[in-house]
Amino acid sequence: IGTLGFPVVLNLVQCARRRLSPKRWTLHTKLTLVTTAVLVATSLAWFLLVEWSNTGLFPADDPGMKMRRAMSAAVMPRSAGFDISWVPEVTNETKVFMSILMFIGAGSSSTAGGIRVTTFAVILLICRAAFTGHRDVTVLRRIPRRIQMTAVSVTTACFALVMVGAMMLMFTTGCAFVDAVFEACSAFSLGGYSVGVASAGNPASLFILSAEMIVGRLGPLTIAYSISRPMAPEPIRYPQENIIVG
């Protein structure tokens, strides 16, 4: 529930009190719920298929207990690291997968970090429109161009932040790239997971992760706010010319 965000929870409560059908939910609520369900289901399947024999995550448990542990592991990377004892024992592939989940994060206006679920969904919708040759980005409704620009800007800026933080961790600690990306994504998303890269004996690494946490908490909100402000009319509008990309 905490990963959905306050606007979604408020909308669901209001619709439930008024006994309104799910058709009356806002587009933001529908997109958040669907994307969250897909992420959780994908994460659950990943942990069950890839880490089934991992005794650190599944210490000789029966299938029912493994399912509960896998569900807990599937939800926590996008919320908070309540149990981090098994994290250093997972495969590098799972570390990369968890880094992606932490980078995406939770819903907008939630207490978690990341670029936000709806930002990730809008990026996918933009790609779908581009690949299918559509001018408008739609999902039940048409997504405004300003929202598209916000999603692209937030994702690009935050990706650059994570990569810079990961490279700085590699310089200061000498850790592997996978571990550095994992730590940077965890700090950016406020997830609380760690594979032991930072230590009290290396203050530089602690400073880097602290800076990632602060920027990860304020950065996406600041970028979104700066783009969503009313824009002044352009005094000069230049002629249009195509360029080759891709």
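The legends below describe close-up views of a predicted model.

**View 1. Packing of helix H4 against helix H7**. Helix H4, which covers residues 92–104, packs with helix H7, residues 177–189, at an angle of about 25 degrees, and the axes of the two helices are 9 Å apart. Because angles under 35 degrees count as roughly parallel, that angle makes H4 roughly parallel to H7. The crossing in which H4 passes H7 is left-handed.

**View 2. The salt bridge between Lys95 and Asp179**. The closest N and O atoms of Lys95 and Asp179 are 3.0 Å apart in this salt bridge, and the count for the model comes to one salt bridge. Lys95 lies in helix H4 and Asp179 in helix H7, so the pair ties together parts that are 84 residues apart in sequence. Both partners fall under the 20% cut-off for buried residues, since Lys95 is buried with a relative accessible area of 7% and Asp179 is buried with a relative accessible area of 18%.

**View 3. A nonpolar surface patch that includes Met167**.

**View 4. Phe159 and Gly114**. Phe159 is found in helix H6 and is partly exposed, its relative accessible area being 47%. Although Phe159 and Gly114 are 45 residues apart in sequence, their C-alpha atoms are 10 Å apart in space.

Conventions. Residues numbered from 1 in each chain as written. Predicted model: local features only at pLDDT ≥ 70, side-chain atom pairs only at ≥ 80, totals over all residues. Heavy atoms only, no water. Patch = residues over 30% accessible without salt bridge, like charges linked within 9 Å, V, L, I, M, F, W, Y side chains within 5 Å. Areas by Shrake-Rupley, 256 points an atom, 1.4 Å probe, with all protein chains shown as cover. Salt bridge = Lys/Arg side-chain N within 4 Å of Asp/Glu carboxyl O. Axes fitted to C-alpha atoms, helices over the stretch in contact; angles between N-to-C directions. Helix = DSSP H or I, 4+ residues; strand = E, 2+ residues; numbered from the N terminus. Parallel < 35°, antiparallel > 145°, perpendicular 65-115°, else oblique. Left-handed = near helix turned anticlockwise from the far one by under 90°. Buried < 20%, exposed > 50% of the residue type's maximum accessible area, 1.4 Å probe, protein only.
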